[in-house]
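Please read it alongside the sequence and the structure shown here.

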Amino acid sequence: MNPTIRQSYELAREQYAKHGIDTDAILEELSRIKLSVHCWQGDDVRGFLFQDQELSGGISVTGSYPGAARTPDELRGDLEKAFSLIPGKHKVNLHAIYADTAEKVDLDALEPRHFQAWVDWAAEQGLGLDFNPTCFSHPKAADGFTLSHPDETIRQFWIDHCKASRRIGAFFGETLGQPCVTNVWIPDGYKDIPADRLAPRVRLKEALDEVFSEPLDPAHNLDAVESKLFGIGSEAYVVGSHEFYMGYGLQNNKLICLDSGHFHPTETISNKLSSLSLFASGILLHVSRPMRWDSDHVVILDDELLEIGRELVRGDLLERTHIGLDFFDGSINRVAAWVIGTRSTLKALMRAMLEPAEELRRAELAGDYTTRLALAEEFKSYPFGAIWDYYCELSGVPAREAWLADVKEYEQQVQLPRGEEARV
Ligand SMILES: C[C@H](O)[C@H](O)[C@@H](O)C(=O)CO
Ligand SMILES: [Mn+2]
């Protein structure tokens, strides 16, 4: 342990202790939190199943930073590098298009065996896995509709894909001994004002009923549904809106997924957590950073991330909330993107744990808003950085920006030599 980091920690610990905050206990709690790190930041959401397929579904990755992963082995290597720089043991979130197989298999015929290599790797690395059907980047989604498609044959294809995905999720959960969250997000929607808003929602509801008809052990698989307000090309109407999935999730006991980029640009998901926690069986978060639209910028320690952390900690929601990351930036090193976004999310949770929540609540109940504001403001400059550095050292990962040198070296030795060669 670096002696300066230890000394700074001891001084900081004393300051927090004056407010009854036990920093050692907090670091213990932090080390138990698993974030679900999304594989798709590593290759700009391209996947491995359909090499020539363009990204569709109203989402977009910009940037042409070199060194994106081209194969499952490269992607796993990049994830390992990122995890070596992030404190704690986490999960990896896979999409169906990331199947690791030489077979030509379509989405509706995917089976657990097509993901065996991912499971073996996760077991060896001590990681959990989460899963998502990929209802985009496929010829059968070319007109922007999947589970709510008016054509029954196409709709059935996507139903079968989602059913297959749940079985794959259950296989992950059973094999790895921790539940897999299988999250359904579909892009379906209209660019312009629809003549009929109801019919696609009726079709989606019926399709979901069929998708979820096979009972699976919740110890292995947990279902989640993800809403969205608009996408590129679905600006006027998205079938799976927030109200739709909130209703569906509450009625059918599904986790409700809140993605920070899927609401009006000034609407925040932090303000939804307390309400939803009273009614939902559980919540899945897709922590992202929308900049003016659902741009999926890399998550940083901004006000909304801190507020999400506070709501989870103060509402005692960490046990019931699955925290996934969802951003994809092709303009910077992709391993660095994971490290920055994941470390920042952990920092937000740690900072929330280091705040004097009880004192703030007491002040609020007593109507002493002066104390509430003064304390909240002063705590913004408490030495949380010293606690974070110590946590990194304890966890065997670099403190502060020391991780960047590692990524730069990895970039030189591993990522840049990949060059612009065709993906294999
Ligand atoms: C690739 C992801 O599944 C996707 O980002 C989805 O979760 C989403 O947020 C779409 O906007
Ligand atoms: Mn999302």
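The chain contains 14 helices and ten strands. Its radius of gyration is 22 Å, close to the 22 Å that the globule rule gives for 424 residues, so the chain is as compact as a globular protein of that length. The model is predicted.

**Overall dimensions and packing**

- The C-alpha trace of the chain spans about 65 × 55 × 40 Å along its principal axes.
- Buried residues make up 46% of the 424 residues of the chain.
- Among contacts between residues at least 6 apart in sequence, 82% join residues at least 24 apart.

**Domains**

- On the domain 1 side, 25 residues are in contact with domain 2, and on the domain 2 side 24 residues take part.
- By residue class, the domain 1 side that touches domain 2 consists of 16 nonpolar, three polar and six charged residues.

**Ligand 1**

- The residues surrounding ligand 1 are W40, V45, I59, N132, W185, E226, K228, D259, H286, D294 and D326.
- This shell divides into five charged, four nonpolar and two polar residues.
- Charged members of the shell include E226, K228, D259, D294 and D326, while W40, V45, I59 and W185 are among its nonpolar members.
- N132 and H286 belong to the polar part of the shell.

**F145**

- F145 sits in the loop that connects β3 (128–132) and α5 (152–176).
- Is F145 buried or exposed? F145 counts as buried because 25 C-beta neighbours lie inside 10 Å, and the cut-off for a buried residue is 20 or more.
- F145 and P187 are 42 residues apart along the chain, and their C-alpha atoms are separated by 6.9 Å.

Note on methods
Residues are numbered from 1 along each chain as its sequence is written. Chains are lettered from A and ligands numbered from 1 in the order in which they are written. This is a predicted model: local features need pLDDT of at least 70, side-chain atom pairs count only at pLDDT 80 or more; totals for chains, interfaces and linings use all residues. A residue is near a molecule or strand if its C-beta atom, placed from the backbone, lies within 6 Å of it. Helices (H or I, at least four residues) and strands (E, at least two) are DSSP runs, numbered from the N terminus. A residue is buried if 20 or more other C-beta atoms lie within 10 Å of its own, exposed if 12 or fewer, and partly exposed in between; C-beta atoms are placed from the backbone. Two residues are in contact if their C-beta atoms, placed from the backbone, lie within 7 Å. The radius of gyration is taken over C-alpha atoms; the globule rule is 2.2 Å times the number of residues to the power 0.38.
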